Amino acid sequence: MAYPKGLIAGGPHRALAAVFAFLLFLAAPQPAEAQDFSFSSIAIEGNARVESATIVALADLPRGQPVSAAEVAEAQSAVQASGFFQTVEFVPQGSRLLIRVVERPTINRINVEGNRAIDDEVLLGLLSSQPRRFYSPQAAEADAIAIQSAYAEAGRFAASVRPAIIRRANNRVDLVFEVTEGRVIEIERVGFVGNRAYSDRRLRRVVESKQAGALRTLIRRDTFVAGRIDVDRQLLRDFYTSRGYADFQVVDVTSEFSRERGATFVTFTISEGQRFRFGEITASTDLPEVDTAKFSRAIRLRPGRVYSPVAVDNEIARLERLALREGLDFVRVDPVIGRNPRDGTLDVEFRIVRGPRIFVQRIDIEGNETTLDRVIRRQFDTVEGDPFNPRAIRESADRIRALGFFETVDVSSRPGSAEDQTIVDVDVVEQPTGTLSFGASYSSDTGPGFIAGFSESNFLGRGQALSADVSIGTGDQNTQVTFTEPFFLDRNLSVSFSVFYRTTDFDDQSYTTTELGFRTSATFPITEATRLTLSYLLAQDQLSGTSPATSAIILAEDRDVITSEIGYQFSFDSRRIGLDPDRFYRVSFGQDVAGLGGEAQYIRTEVTGVAERQVFQGDVTLRARGQAGAVFSFGDYVTRANDRYFNNSRKIRGFSPRGIGPRDFEADDEDALGGNYEAFASLEAEFPLGLPEEYGISGGLFADFGSVWGLDETCVGCVTPVDDGFELRSAVGVAVLWDTPIGPLRFNFAVPLNEVDGDETRNFNFDIQARF
């Protein structure tokens, strides 16, 4: 056989290459024309629950018009994306389109199995899958992740969730989430690195994350929650910066899981920096219309005080309010901080500058389904048309959060309809504001008691407060209903009305006191730290149940008396202005005058005070408190036991209730008569006992001093008048304080130092109150 000469000239390799190229040419796809369809009818197969018209609408293909293959594919994807079908097939049959579908099963019911730590109701509320809807594997997987996240929030990071289906008749399925909870991941220890000014013990009281201890079954904050770490960061920063550590930083937070212990070790690495005090405080401006001297005189910050951002913000707010009163619009105050590291001071210059000329166009409020708009709007000092002040808006947002009506509050601004207009948006998420509580109490003074109460802090969404409380003890009953309008006449004026009924049975003294009445009061601020309360009381009180063994002085008081009383109280609390978070003091002074109607005629004057300071890196709290009172009768009125003062364990420990003061020794019961005057003082120190702070147990030392004295009537048919002179009593002791999960518990062990014949002493007392 003869071959062409050219074919064999290149040898076998060239021949194979030529054959391979020829085969590739045959196999290469040839260009084809795009296929178009035109459907005059659409048929549906396989649907049982989904209407054919719904499927045709989802496909959205025109009838009798050309459509490309790409448009047909898009229509098929749209039907598939509806989530109604497991499979969707488009089959063109000439001018007829057949859509063949297989529907997803319908969820018959949903169950959660294996869960004990979290109730079904809570977990089912997290699911997007619902009964009588189509089952979606993707949605079921997302729901499993949501359940797992809920367990992680509860500290169970090892929890696993697996969705499963049980097929039923008629293309229905039961959706089951199988939960393996795993154990709780607790915090074995919370530690700090880099802290010198404050001890680990003190800082553990600042953060929300708590160490696990013996009460881990009751204390739930010992579970590790990753999201809580961010809150702890901010709490630490607020704690340090408010105490002068302007450069404080949380450098790092590490959480190490120990498989051997099944717990987490959380360590905060911090940099405290230098502690600063205020240096030179000045005000300056380049605006000719501003009187700098007037603004300088208005500054209340003084050099030498511990630096605090809160104090600077309060000063800025005060100066900006002064600018508004002076008619200076669009003026803002910018603080300029100058550092003096050598002497540890920060100079603050308050610069009064011209701000941008922007007005508030409107304030939009969303999310308040129950709370009325005006309840939120009255927290704004700014109204529509006012100059826009970002600082004032932030302060208003803080006041809205402080109401306690909302879970979240988001206040932001956006451009308005013109360049010089801005819109303030307020977006809130409401939370429950009503509580129903039951509780029990025990006190060495009054014995066991039962407590029931209802309170609503946002009554009918109007921002008003309504409460009702009932307490029943061994010898007393107290019922009170109170209504409070915090913004009476849309002003910063709190008005309250209360109706009360009280009975006290003094078994050891054979008489009972009863009081029925109402009280109304109005409270308003005078300055940032001071409040003035005006009040009126109308009550009928009765002293009854006496016996021949009762003191003749008390027998003479056995009658009904109507009291019409007007009064005022002035109070100062340094915590309202944040002078120093490590110390505070509070003072109140008030007077009540009875005699504007009714039988009672007296003037009552009372003063109370308390001062507290934390020392030794905040581990020890020193406290001093005192109170004094005097009631002066006038006219023919003689004070009764209902009007006079008596001792109790909150005034001076080491003595029984009614255990000191004037006493009628000629009476069979040697009744305590009380006194027209009282004066008490106490010095206390609270300190750690070396136990883990999450136990809430601390110790204390105290020294109490005081007396009750003075009577209008010292003798009624007596042989020897009652001695009503001043006699100082005192006692010292130790205390154990336990902040238990069910309520605070305090044990006092006291030894009287000064006592008078007839005094009744008590070396031990304790009390506890728990609400559920």
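Partly exposed, on this tour, means a relative accessible area between the cut-offs for buried (under 20%) and exposed (over 50%), with a 1.4 Å probe and protein chains only. You're looking at a predicted model, where local features need pLDDT of at least 70, side-chain atom pairs count only at pLDDT 80 or more, and totals for chains, interfaces and linings use all residues. Residues are numbered from 1 along each chain as its sequence is written, and side-chain values use heavy atoms, leaving out hydrogens and water.

Start by selecting Phe134, which is partly exposed at 24%. The whole structure holds 22 aromatic pairs (Phe, Tyr or six-membered Trp rings with centres within 6.5 Å; stacked under 30 degrees between planes, edge-to-face over 60, tilted for the rest). Phe84 and Phe134 make one of them, tilted, with 5.2 Å between centres and 40 degrees between planes. Phe84 is in the loop between α4 and β4 and Phe134 in the loop between α5 and α6, so the pair ties together parts 50 residues apart in sequence.

Next, pick Phe278 and Tyr307: another tilted pair, 5.2 Å centre to centre and 55 degrees between the planes. Both Phe278 and Tyr307 are buried.

For a group, select Tyr198, Phe239, Tyr240, Tyr245 and Phe248, a cluster linked by ring pairs.

Last stop: charges over rings (NZ of Lys or CZ of Arg within 6 Å of the ring centre and within 35 degrees of the ring normal). Arg502 puts its charged end over Phe500, 4.2 Å from the ring centre. Arg653 lies over the face of Phe702, at 3.9 Å from the ring centre.

Note on methods
Helix = DSSP H or I, 4+ residues; strand = E, 2+ residues; numbered from the N terminus.
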